[in-house]
Amino acid sequence: MKKLRSRAGGAVLLIMSIILTCGVKLIFPACPAHDDGTYMSCHWAEQAVFGIGIALCVISLIIIIGGEKTAAGASLAAIPLACITALMPEFLISLCKMPTMHCHTAMRPAVIVISALIAAAAAVNSAVMLRKRDNRK
Amino acid sequence: MKLTESLSFRNVKGRPARSAVLLILTVIMTAAVVCGIMTVSSLRAGLGALEARLGADIMVVPASAVSKKNFENIVLQGSMGYFYMDSSYYDKVAEREGIEKVSPQLFLASASAGCCSVPLQIIGYDPETDFTVSPWIKKSAGGTLGDYDVVVGNDLSVFVGGTITFYGVECKVAAKLDKTGTDLDTAVYTNMNTIKKLIASSIEMGMNDFRDIDPDHSVSCILIKVADGYPVDEVLNDLNLHVRRTKSFRTKDMISGVSDSLSGVSVMIGVLMCAVIILGIVILFLAFTMSVNERKKEFAVLRITGASRKKLSGIVMSEALIIALSGGVIGTAVALLIMLPFNGIIEESIGLPFLMPDALMIAVMCAAALAVSAACGAAAAAYSARRISRIDTGVILRGDN
């Protein structure tokens with residue numbers, strides 16, 4: 001039961017990472033391709049978020065199935081990764097010029113909010129796990 | 001004594017399930033209040049900005065344009081679309097009596113293709129006769145608008161001095177306009193020469209087909225300012241009677257459509273907000289009444305150990321305030337997390353002018369929502385607090401209640 005409780009944070013992270021990964025492709029994707037088939041730069045931000053989202057899913061799985069030390073380390077690793085994801089649209093990869101376009105109105109805020117929640121959940125999870133370890137010592 | 005050491009706080013903490021349910025309820029209630037107030041206020045600010053931005057009393061458009069889908073949004077809010085009439089109508093309109101200022105505009109929508117930086121509405125205007133766009137340009141940068149110079153709406157991510165390409169033609173951004181909360185914020189204004197060159201370029205690229213329309217002798221709409229002493233309705237009727245194949249509109253009447261939609265949305269939001277608040281108060285009231293009923297013996301024991309009646313009611317009120325205020329803070333945070341990042345998509349889905357209030361105004365709204373949350377918590381617990389202060393300890397401890 002205790003182990004289950006300690007891994008609940010990992011499950012929460014996994015759910016949010018799946019929402020981010022699938023969401024950026026299905027629910028809040030970047031703008032569609034031009035009529036001539038070319039993509040705008042926001043498409044590459046979407047691809048980058050999708051890639052990092054998969055990495056976050058894998059890290060969340062490691063937190064759930066891995067040992068205590070591994071889980072604590074993986075939780076810590078998820079924090080900067082989530083922060084980088086939040087910065088990906090617009091700051092690291094520029095989006096469309098018009099703020100009324102879908103990449104600005106839907107993708108960017110959704111990615112920022114979900115990434116911030118992932119970073120916060122990972123920080124809480126790692127703090128809880130490290131404190132438990134310190135208490136046992 | 002610290003809050004965390006107080007009996008009320010321990011009571012809240014000691015019943016996690018009950019506290020969590022009440023907390024979620026106050027979070028929903030406060031979030032609904034903050035979102036509702038911010039949405040209504042943004043819609044009102046948007047309408048105000050739109051009214052201020054439209055300097056014309058009357059708008060003349062081709063009669064065929066009225067049947068166009070999205071017609072009002074094209075002329076009022078700068079949504080993408082176009083229609084044309086012969087420029088001779090401009091002279092016909094200018095000749096009529098009671099007209100102080102008259103200025104033509106020509107519309108062109110840029111394409112969603114590699115030849116254009118962004119798909120948006122390009123509006124050509126005559127800087128010499130214009131009285132609706134120029135006042136807003138002066139506020140931003142000033143100066144005259146040369147060929148291949150454009151003035152961009154506030155929402156376009158291009159800087160003054162930067163360039164923007166339409167149909168393969170590179171234009172220099174000469175100025176930026178103030179925000180209106182409408183599609184005008186993403187429109188581009190340029191002089192008649194430049195827009196005609198852009199039209200020619202779009203035809204050359206095969207992106208537009210003007211068929212029998214001659215872009216050099218066309219206008220999309222004519223804006224009119226009525227001279228002092230002439231009733232707007234009389235001038236409007238005169239134009240509709242004598243300038244055939246066109247349709248003249250009073251801009252205020254056109255805005256009234258937007259205004260009616262806005263009041264409809266505002267009423268709906270207000271009703272929903274009230275429903276959530278009333279429901280919240282009723283549920284909180286029932287929860288506190290049931291909780292106090294369950295804990296009568298606990299309060300009776302406190303009473304015989306020396307707690308005054310005021311102290312007992314104070315405990316109930318403090319519990320309610322702890323839940324209401326913490327729920328209020330979380331609810332406000334949730335509402336801000338929804339409204340601030342997602343205001344673009346909210347604006348898109350409502351389809352009305354939407355101008356978010358400034359930071360100070362948002363802070364005031366959040367404080368008001370917190371006050372509402374605290375007041376609801378206090379109102380819901382007041383009856384229970386009054387009842388508990390009048391308990392007969394003897395009867396309760398004997399179990400005769």
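Chain A has 5 helices and 0 strands, where helices (H or I, at least four residues) and strands (E, at least two) are DSSP runs numbered from the N terminus. Its pattern along the sequence is α-α-α-α-α. This is a predicted model, in which local features need pLDDT of at least 70, side-chain atom pairs count only at pLDDT 80 or more, and totals for chains, interfaces and linings use all residues. Residues are numbered from 1 along each chain as its sequence is written, and chains are lettered from A and ligands numbered from 1 in the order in which they are written.

The C-alpha trace of chain A spans about 60 × 20 × 15 Å along its principal axes. Of the 137 residues in chain A, 41% are buried. A residue is buried if 20 or more other C-beta atoms lie within 10 Å of its own, exposed if 12 or fewer, and partly exposed in between, with C-beta atoms placed from the backbone. Among the contacts in chain A with a separation of 6 or more, 80% are between residues 24 or more positions apart; two residues are in contact if their C-beta atoms, placed from the backbone, lie within 7 Å.

Two packed helices are described by the angle between their axes and the distance between the axes. In chain A, helix 2 (residues 8-26) and helix 3 (residues 42-65) pack at an angle of about 160° with their axes 8 Å apart. The axes are lines fitted to C-alpha atoms, for helices over the stretch in contact, and angles run from 0 to 180 degrees between N-to-C directions. Helix 2 of chain A is therefore roughly antiparallel to helix 3 of chain A; angles under 35 degrees count as roughly parallel, over 145 as roughly antiparallel, 65 to 115 as roughly perpendicular and the rest as oblique. The crossing of these two helices of chain A is left-handed. A crossing is left-handed if the near helix is turned anticlockwise from the far one by less than a right angle, and right-handed if clockwise.

The residues of helix 2 of chain A that meet helix 3 of chain A include A:Gly9, A:Leu13, A:Ser17, A:Leu20 and A:Val24. On the side of helix 3 of chain A, they include A:Val49, A:Phe50, A:Gly53, A:Leu56 and A:Ile63. The residues of this contact between helix 2 and helix 3 of chain A divide into 14 nonpolar, 6 polar and 2 charged. Here Ala, Val, Leu, Ile, Met, Phe, Trp, Tyr, Cys and Pro count as nonpolar, Asp, Glu, Lys and Arg as charged, and the others, Gly among them, as polar.

Further along chain A, A:Glu90 lies in the loop between helix 4 (68-87) and helix 5 (102-136). A:Glu90 has a positive phi of about 85° although it is not a glycine. A:Glu90 is buried, with 20 other C-beta atoms within 10 Å.

Chain B contains a sheet. Its 9 strands form an open sheet in the order 6-7-5-8-4-3-10-1-11, with mixed pairing; two strands pair if DSSP finds at least two bridges between them. Strand 6 and strand 11 (246-250) of chain B stand at the edges with a single partner strand each, so one side of each has no neighbour in the sheet. From one strand to the next the twist averages 35°.

Within this sheet, strand 5 (residues 149-152) and strand 8 (residues 188-191) of chain B run antiparallel and are joined by 3 bridges. B:Val152 has B:Val188 in strand 8 of chain B as its bridge partner.

B:Phe166 stands opposite B:Val169 in strand 7 of chain B. Strand 6 and strand 7 of chain B form a hairpin with 2 residues between them. B:Tyr167, in the turn, has a positive phi of about 50° although it is not a glycine. B:Tyr167 counts as buried, with 22 C-beta neighbours inside 10 Å.

In a regular strand the side chains alternate between the two faces of the sheet.

The axes of helix 10 (residues 309-339) and helix 12 (residues 359-388) of chain B come within 8 Å and cross at roughly 155°. These helices of chain B are therefore roughly antiparallel to each other, and their crossing is right-handed. The residues of the contact between helix 10 and helix 12 of chain B divide into 18 nonpolar, 8 polar and 1 charged.

Finally, the two chains meet: 17 residues of chain B are in contact with 15 residues of chain A. Helix 11 (residues 343-350) of chain B gives the largest share of the side of chain B that touches chain A, 3 residues. That side of chain B divides into 9 nonpolar, 6 polar and 2 charged residues.
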